[in-house]
Amino acid sequence: MLRLGWLVLAIAFAAGFAGSVMVIGLDRQVRERFDGTRFRVPSRVYSAPAILYPGLEWEQFGLRNALQRLGYREAPSAKGLPRGQYAWSRGRVRVHLRAFDHPARPEAARDIEILLRGSRIADIRELPRGRSVGAVLLEPESIGAYYGPAREQRELLRLEDVPRHMIDAVLAVEDQRFDTHRGIDFRRIGGALLANLRAGRVAQGGSTLTQQLVKNFFLTPERTLRRKLREAAMALIVEARYDKDAILEAYLNEIYLGQRGSTAVHGVGEAARLYFGKEAKRLTVAEAGLIAAIIQSPNGISPYRDEERAVARRNLVLELMRDQGRIDDETFESAKAERLRLATVTPDRGDARYFLDLLHRQLTEVYTGEQLTEEGLRIYSTLDRRLQRIAATSLSEGLAEIEKRRPSVKEEDPARRLQGCIVVLRPQTGELLALVGGRDYGVSQFDRCSQARRQPGSVFKPFVYIAALEPRGGGPRITLASLLDDSPLSVDTREGKWRPRNFDGKFNGPVSVREALERSLNVPTVRLAIDVGPRQVVDVARRLGIESRLPAVPSLALGTAEVSPLELARAYATLASGGVRPETQAIEDVVDRAGTVLARRELHFERVLDAGTAFLATSLLEGVATRGTAAALRSGGLRGPIAAKTGTTDHERDLWFVGFTPDLVAVVWVGFDEPRSVGMSSSQGALPIWRRFVEESSGGRVRGVFPRPAEIERAEIAPSSGAIALRGCPEEPRPEYFLPGTLPSTFCPDGDAPGAPEIHRRFLRWLRDNL
């Protein structure tokens with residue numbers, strides 16, 4: 001018996017010791033997670049403010065959708081319009097704009113009337129005086145937040161910033177005895193057990209608010225006895241360590257309340273914006289009741305999915321609030337009668353997440369991860385939200401169209417599907433306006449615009465022509481009137497003889513510079529690169545903005561080195577801005593919680609190419625878009641100045657399209673992550689995506705011009721010879737542009753031709769001597 005007693009005592013001691021160790025471990029886990037999360041304020045990222053001005057095509061801009069995304073509500077009448085609402089009537093829109101803080105462009109609240117004429121804004125007037133204003137800014141849109149590694153959106157609130165009726169709604173339905181229990185409510189457990197026995201299924205939960213918080217903070221969603229025991233133990237520890245206000249504040253910020261696309265929404269602050277487009281402190285009793293109602297099943301009871309079910313559960317919450325004395329009968333009746341007015345939620349295609357990742361990589365060069373996830377920075381970006389949505393849609397629909405036309409490239413495995421990316425810059429400033437790094441961020445977070453390196457094919461060729469056109473030392477190697485040799489070529493390489501061929505396998509003899517680039521002929525381009533020197537081609541590419549490794553070999557002319565789409569966008573932006581290379585910018589301002597500006601975007605430019613050569617290159621690329629491999633751009637009626645280049649690599653593994661207008665440059669890439677044939681050329685695959693994007697963003701008409709530098713000369717030439725065309729030239733002349741001092745020294749008709757008048761021959765000899 002003595003031995004048995006000692007055995008029982010030893011077992012009890014061991015169990016007590018093991019239990020103590022477990023409790024100590026759980027206590028440390030609770031403190032580390034709870035203290036580390038309660039006061040962590042994520043940094044929030046905003047788009048650039050949208051501008052409204054007379055002349056803007058409001059339908060193309062998507063004015064109504066923009067207001068709805070910003071949480072503005074449509075009112076039935078413009079009379080007495082409160083802030084944050086708008087009223088639409090025939091030919092006019094009245095909007096009571098909210099004030100917003102912006103480090104560079106803050107705006108006060110203002111009541112405006114927008115007059116519409118057809119598809120354009122005719123005038124904007126500030127009320128009540130009716131004074132016309134040149135432009136107004138809409139507040140920046142929140143596009144995401146940095147809150148640890150998970151894809152979550154939340155706005156952390158202090159308890160004093162949450163309205164009392166929001167707190168009461170949650171307590172009424174989730175934990176009415178929260179103020180009196182110590183983490184576990186045995187009455188609730190007993191009631192849930194009886195309800196479940198009567199229903200024959202799990203119809204009701206017995207967890208307290210503290211247990212729910214513990215489950216979200218520390219535990220997996222598995223339903224096992226061991227997990228429930230850990231949950232109960234940790235709930236007791238939380239209640240022993242922290243006061244009720246701290247627990248309630250953490251719960252209101254942590255609770256899961258739905259999805260915006262593939263992004264989880266946590267906390268009542270973010271839920272208020274998602275469902276009602278407003279701050280939590282402005283929620284009505286009915287709106288608070290709805291948010292509390294969907295805690296049980298945020299996706300199943302979502303008012304966007306099942307409005308009737310959501311309203312029924314909201315009314316149940318309101319009844320509980322009344323029955324528990326949290327609201328009176330009058331408030332209950334008023335809230336129950338309140339019509340559900342949800343904010344318009346546009347589907348989140350995940351279209352900004354690649355941009356957010358690139359922005360994060362830039363920010364971590366200056367700020368630590370803890371600063372970005374804990375210090376509540378406000379980051380104002382260059383993202384144009386409208387262009388971003390158009391880019392995402394254009395890419396998604398374009399890739400689907402390719403798969404429809406080529407069923408053989410369609411893959412069922414999402415990880416092996418056809419991929420693509422699109423990046424858009426403002427060439428004058430380098431601002432990153434839009435970036436979609438792949439087909440589905442949820443499947444692959446790899447950004448093909450900034451992280452991938454692929455052979456660019458023929459979109460690299462313009463760098464060869466720029467190297468030959470640029471005046472260096474004794475002048476340029478060619479002019480736009482020059483003829484290039486498209487005949488069989490053999491090049492000695494380390495691997496042996498290399499014989500470049502054109503896409504169609506044919507040779508064309510002498511061809512003009514324009515024809516060579518417009519038809520994307522390989523042989524004359526390689527011959528030109530050899531003549532100029534591959535090192536000179538590398539130098540041009542480097543100056544324009546290509547940073548990847550570029551071997552100085554003849555095959556470089558055909559785009560055999562690997563580069564990123566973002567590099568190409570910057571290089572072509574340098575052409576679009578007249579030879580001035582911009583620094584790619586994604587950040588405008590960074591502001592801390594106190595409103596102090598920590599960082600402000602500084603524009604950095606460098607002239608790397610003379611304006612005349614940049615204009616000649618742009619003119620060549622305009623010809624590609626008008627007559628060459630990119631001529632299909634115009635098939636849908638797209639008008640205005642466009643310079644572009646197609647690029648297709650060997651075996652059609654990479655499809656490229658790079659183009660620019662006076663206001664933007666966009667690069668499209670299409671291919672597989674594991675390279676294999678797409679089964680079509682870039683003009684069939686990448687071009688339609690680019691065209692779709694520009695048509696949608698411009699309304700089918702590109703505005704502006706590519707300005708011609710004053711020193712550029714213009715002359716009529718004979719296309720077959722490049723000679724200056726005079727009266728009597730048998731060929732149809734075409735206009736051409738020249739750098740100063742590079743006009744052709746030959747003429748059509750030739751003054752030495754038989755039968756030419758003597759005065760004609762003398763005049764031409766004088767021209768030759770003096771040009």
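This is a predicted model: local features need pLDDT of at least 70, side-chain atom pairs count only at pLDDT 80 or more; totals for chains, interfaces and linings use all residues.
Let me begin with glutamate 652, which has a relative accessible area of 22% and therefore counts as partly exposed; buried means under 20% relative accessible area, exposed means over 50%, and partly exposed is in between, with a 1.4 Å probe and protein chains only. Residues are numbered from 1 along each chain as its sequence is written, and side-chain values use heavy atoms, with hydrogens and water left out.

Staying with glutamate 652, you will find this residue in the loop between β25 (643-648) and β26 (654-660), where helices (H or I, at least four residues) and strands (E, at least two) are DSSP runs numbered from the N terminus. Its phi is near 55 degrees, a positive value in a residue other than glycine. Serine 520 also has a phi near 55 degrees, again positive in a residue that is not glycine, and it sits in the loop between α17 (513-518) and α18 (522-532). Is serine 520 buried or exposed? With a relative accessibility of 10%, serine 520 counts as buried.

Now to the cysteines. How many disulfides does a search of the whole structure find? The search finds one, a disulfide here being a pair of cysteine sulfur atoms within 2.5 Å. In general terms, a disulfide is a covalent bond between the sulfur atoms of two cysteines. The partners are cysteine 729 and cysteine 748, with 2.1 Å from S to S, and the torsion about their S-S bond is about 85 degrees, so the disulfide is right-handed. Because cysteine 729 lies in the loop between β29 (724-725) and β30 (734-738), while cysteine 748 lies in strand β31 (residues 747-748), the pair ties together parts that are 19 residues apart in sequence. Cysteine 729 is buried, at a relative accessible area of 13%, and cysteine 748 is buried too, at 9%.

Another cis peptide bond joins leucine 127 and proline 128, where omega is about 10 degrees, and proline 128 is in the loop between β7 (120-126) and β8 (131-132).

Let me turn to charged side chains. Over the whole structure, a search finds 47 salt bridges, each being a side-chain nitrogen of Lys or Arg within 4 Å of a carboxyl oxygen of Asp or Glu. One of them is between glutamate 74 and arginine 64, whose closest N and O atoms are 3.1 Å apart. This pair links distant parts of the chain, 10 residues apart, with glutamate 74 in strand β3 (residues 73-74) and arginine 64 in helix α3 (residues 63-69). Glutamate 74 is partly exposed at 42% relative accessibility, and arginine 64 is partly exposed at 31%.

A further salt bridge is formed by arginine 94 and aspartate 111, with 2.4 Å between the closest N and O atoms. Arginine 94 is part of strand β5 (residues 92-97) and aspartate 111 is part of strand β6 (residues 110-117), so this pair ties together parts that are 17 residues apart in sequence. Aspartate 111 is buried, with a relative accessible area of 13%.

The side chains of aspartate 492 and lysine 497 also meet in a salt bridge, at 2.5 Å from N to O, and here both aspartate 492 and lysine 497 are exposed. There is a network of salt bridges as well, which links Arg105, Arg426, Glu431, Glu588 and Arg601.

Finally, a word on valine 491, which is found in strand β18 (residues 491-493) and which, at 7% relative accessibility, counts as buried. Which distance separates the C-alpha atoms of valine 491 and serine 555? They are separated by 9.5 Å, although the two residues are 64 residues apart along the chain.
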